[in-house]
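Q: I have a model open and want to go through it with you. Can we take it piece by piece?

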Amino acid sequence: MSPKMTHLRQLEAESIHIIREVAAEFENPVMLYSVGKDSAVMLHLARKAFYPARPPFPLMHVDTTWKFREMIEFRDKMAHECGFDLLVHVNEEGVRQGIGPFSHGSGIHTDIMKTEGLKQALTKYKFDAAFGGARRDEEKSRAKERIFSFRTEDHRWDPKSQRPELWNVYNAKVHPGESIRAFPISNWTELDVWQYIYLEQIPIVPLYYAAVRPVVERDGMLIMVDDARMEIKPGEKVEYKSVRFRTLGCYPLTGAVESTAATLPEIIQEMLLTRTSERQGRAIDHDSAGSMEKKKQEGYF
Amino acid sequence: MAHQSELISEDILAYLKSQEEKSMLRFITCGSVDDGKSTLIGRLLWDSKMVFEDQLAALESDSKRVGTQGEKIDYALLLDGLQAEREQGITIDVAYRFFSTDKRKFIVADTPGHEQYTRNMVTGASTAQVAVILIDARKGILTQTRRHSYLASLVGIRHVVLAINKMDLVDYSQERFDSILKKYQSFAASLGFDDITAIPLSALEGDNIISPSPKTPWHQGPTLMQYLETVQVPDASAGKPFRMRVQWVNRPNLDFRGFCGTIASGQIHPGDEIIVPSSGKKTRVARIVTMDGDLERAVAGQAVTLTLEDEIDISRGDTLATPEDVPHHAARFEAKLVWLHEEALTPGRSYLLKAGSATAPAQVSQIKFKLNVNTLAQEPGETLALNEIGVCSLSLSKPISFDSYRENRGTGCFILIDRLTNATVGAGMIHQPLLQSSGKGWIEADLGPKARAEQKGQSPKVLCIASQDQKHRTEVAELVEKKLHSQGRHSYRLDQQSLSLEPGSKDEQARLLAALGEHFLAAGLILIVSLSDQDPHLSDALMGRLNTESFCQVDLKKDIGTISLSPQQQAEQIVEELF
């Protein structure tokens, strides 16, 4: 009797299988790198999949220009250290129009700088497959997402006509212009991701660890004052609190949680004892019921 | 969460250590909406405390708005993902749920109970190790129970939980429970399950989900969670012969050549001999390379990179196997095929078959019989419609390596892809090769003109283009061929001149051309012949021997021969009118 593979080793092997399958089947794949912890795991798995070679695809970051500064520093450092080619795409049209979360709200900002930006980038580079770090446990509409998720020529997802996905045999056929979003860590949960980061000692953005940071309480969320673009409204005050982030995105849209968890075990401990799910810190999900499903049909990851 | 809260808060490092040994179980739940399936899964998530406060708040408000449980919490709402389903109160696709306890991580494939049932259930069950089959205690065993059980057995699930639900509505009657179980056992005897565990449940009330219910003191067996946490699913693939399909050849430089893949079964060590069935070549494993260092051993389920002692020709889709027990390598096999698409199977048509990393054009050459999923009866059939299952013969354009699905789930399964739409249209489980060790590939023995024509998606024709002017007729014929080619049709062009027989042997020429025409029609092709119109002999001979449906002729002068038309326009007109 051979030793049983633990759940993390099984998940790891499944993800590597998916990553290799995409690399082998598609002409021009790309790995979308959001700089968050899920991306960190995905990048680590990609390195494992092709070791000792470098992964045969570039990393791409769709930068909304509103990411935390530490995310950008970390992104450049990781891409350099891991030997990836890094493509950074910014929706210049959105920049020209001055789109931002403070002036336009989370909906318009996310739509133009993230969703549109992503579509622009995919069209510009003619990628026929794009890896994403989404997990099925994140949100209800993701529970039905395929691992190889088909996208039409205009990058739309049709939840009604998904291809059946059986065993570990993935249909990678697309017509020119169409593409696949591939989700290698579909079957991981938030806890799995943290345990794996701990086990494999994967570097993550320091924002996940608690530290004293300047924050303002706004609409029930603690928003970090990451740069001068954030105006302090009358009645608001900047406080220095020990906070950390459970999820990372655009800083004006990402709520911090008060915490003293400064090490990985402490983060996992806090996560296990906490009573709110991680997406709660994202302003985007609160908009309306089924909002994620709508966004995905439009091409949001 | 149902984790050791004390250990988490007191000694997180010890807790993390204990979690490293956790195993994983994938299971499928089968049943219809009415059986309370979504409620059951919602309960498992709920009772294992995988529901967070913000989700709870949403659940409470949703329960009031669209729930079916009055003031109570409707656990099913935790699951229904897509907006349309929420409004209609039905689940329409396969969804995956996750929860974990201290002992195991669970992945649940949740499939709907009615429409598209076969397709969705086969999809969800393809990766499952255990099937939880729900039965409404009031209704007992229904047709759909048989169907669920049969489909579970079909995709190779060996462990079944008979979840007899809604016991609260039959007063927790042991008699009722026993009689359902007895009936089920006699029905399922032929399905080849290793074990059947029946559990009396009330998903709504939470009886026997996590802890034993005081209302069923007569039940000696485990609760559902106890069963799921402890069921031993011996990793059947670990003790089997070594198989690995090569996904990717890793060549960072001239000194390194690694073969990447996931081990489908068995295990491998450096020094072990392997064979590549496609070439019959043997060599030994030199290293098992990973980013964390070389391994002394790798087992089924691991994704590894192997380097070999000798440079032999291996590419993606090839299988590496132990020479002691070699997989089949053939281009024809018999398989159970489940049809997954609205457009029915067309026997003889060319599909793309994908088995692991191996891909080849394939056609279904024969449907031996169809299987009725409700009665298990064998029925005759010419085609397979959506959700139908048949035992079929498949012919591939080149051989692949495989095992029977019964022997080896990982190397015995495949999908079929429509070559035009790229849709996944079929899922197959291989029985056995049809011509043992046939290395010849595509076998035409049972193929007729109809199958060949269907495969090419065209009606075969012999088209005669007549004109005195040789240059003119050749030009038009060429243009017609190009036009057909660009439309994806398969054609071939001949000029009278190229049939250069002895001068004067008109009869011989006519006979030869007619015979050629017959061959082209049988091959499913379009033959374009350019002829001199002064030679009625040839076209008459063709007319006499070929059936009128597949023969047509055009006189460039008489039929469409206005001088104003360019050869390009004439060609376009011919193609438009005739095809």
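Q: To start, how many helices and strands are there in chain A?
A: Chain A has eight helices and 10 strands. Keep in mind that this is a predicted model.

Q: And what share of chain A counts as buried?
A: Of its 301 residues, 64% count as buried. Chain A exposes about 11100 Å², and carbon and sulfur atoms supply 50% of that.

Q: What about contacts in chain A between residues 24 or more positions apart?
A: They account for 74% of the chain A contacts with a separation of 6 or more.

Q: Now chain B. How many helices and strands there?
A: Chain B has 14 helices and 26 strands. It has 579 residues, of which 56% count as buried.

Q: What does the confidence look like for chain B?
A: The mean pLDDT of chain B is 85, and 85% of its residues reach 70 or more. For the model, the scores are ipTM 0.89 and pTM 0.80.

Q: Which elements of chain B have the lowest and the highest mean pLDDT?
A: Helix α5 of chain B, residues 83–88, has the lowest at 48. Strand β21 of chain B, residues 413–417, has the highest at 98. There is also a stretch, residues 436–445 of chain B, where the pLDDT is below 50. Beyond near neighbours in sequence, that stretch has 26 contacts in the model.

Q: How should I read coordinates where pLDDT is low?
A: Not in detail.

Q: Back to chain A. Is α6(A) enclosed or open?
A: Nine of the 11 residues of α6(A) are buried, so the helix is largely enclosed by the rest of the structure. Among the buried ones are Leu191(A), Val193(A), Trp194(A), Tyr196(A) and Ile197(A).

Q: What covers the buried residues of α6(A)?
A: The cover includes α1 (7–25), α2 (37–50) and α7 (264–273) of chain A. From chain B it includes α2 (12–19), β2 (95–100) and β3 (104–110).

Q: What follows α6(A)?
A: Gln201(A), whose phi is positive, near 55°.

Q: And where is Asn187(A)?
A: Asn187(A) is in the loop between β6 (179–182) and α6 (190–200) of chain A.

Q: Buried or exposed? I mean Asn187(A).
A: Asn187(A) is buried, with a relative accessible area of 2%. Buried here means under 20%.

Q: What does Asn187(A) touch, leaving out residues up to four places away in sequence?
A: In chain A, Asn187(A) touches Leu11(A), Glu14(A), Arg136(A), Ile147(A) and Asp192(A). In chain B, it touches Arg26(B), Phe98(B), Lys105(B) and Ile107(B). With Glu14(A) there is a polar contact between the side chains, at 3.0 Å.

Q: Which parts does the pair of Trp66(A) and Tyr251(A) tie together?
A: Trp66(A) lies in the loop between β2 (59–62) and α3 (69–82) of chain A, and Tyr251(A) in the loop between β9 (239–244) and β10 (257–258), so the pair ties together parts 185 residues apart in sequence. Trp66(A) counts as buried at 9% relative accessibility, and Tyr251(A) is buried at 0%.

Q: Which residues are in the cluster with Trp66(A)?
A: Ring pairs link Trp66(A), Phe68(A), Phe102(A), Phe245(A) and Tyr251(A) into a cluster.

Q: What about a charge over a ring in chain B, say at Phe187(B)?
A: Arg146(B) lies over the face of Phe187(B), at 5.4 Å from the ring centre.

Q: Last one: where is Gly255(A)?
A: Gly255(A) is in the loop between β9 and β10 of chain A, and it counts as buried at 10% relative accessibility. Gly255(A) and Arg244(A) are 11 residues apart in sequence and 9.0 Å apart in space, C-alpha to C-alpha.

Technical notes. Residues are numbered from 1 along each chain as its sequence is written. Chains are lettered from A and ligands numbered from 1 in the order in which they are written. This is a predicted model: local features need pLDDT of at least 70, side-chain atom pairs count only at pLDDT 80 or more; totals for chains, interfaces and linings use all residues. Side-chain values use heavy atoms; hydrogens and water are left out. Helices (H or I, at least four residues) and strands (E, at least two) are DSSP runs, numbered from the N terminus. Buried means under 20% relative accessible area, exposed over 50%, partly exposed in between (1.4 Å probe, protein chains only). pLDDT is the predictor's confidence in each residue, from 0 to 100. Contact means heavy atoms within 4.5 Å. A polar contact is a pair of N or O atoms within 3.5 Å; within protein, one must be able to donate a hydrogen and the other to accept it, and residues adjacent in sequence count only if both atoms are side-chain atoms. Rings of Phe, Tyr and Trp (its six-membered ring) pair if their centres lie within 6.5 Å; planes under 30 degrees apart count as stacked, over 60 as edge-to-face and the rest as tilted. A charge sits over a ring if NZ of Lys or CZ of Arg is within 6 Å of the ring centre and within 35 degrees of the ring normal. Accessible areas come from the Shrake-Rupley method with a 1.4 Å probe; for residues, only the protein chains shown count as cover.
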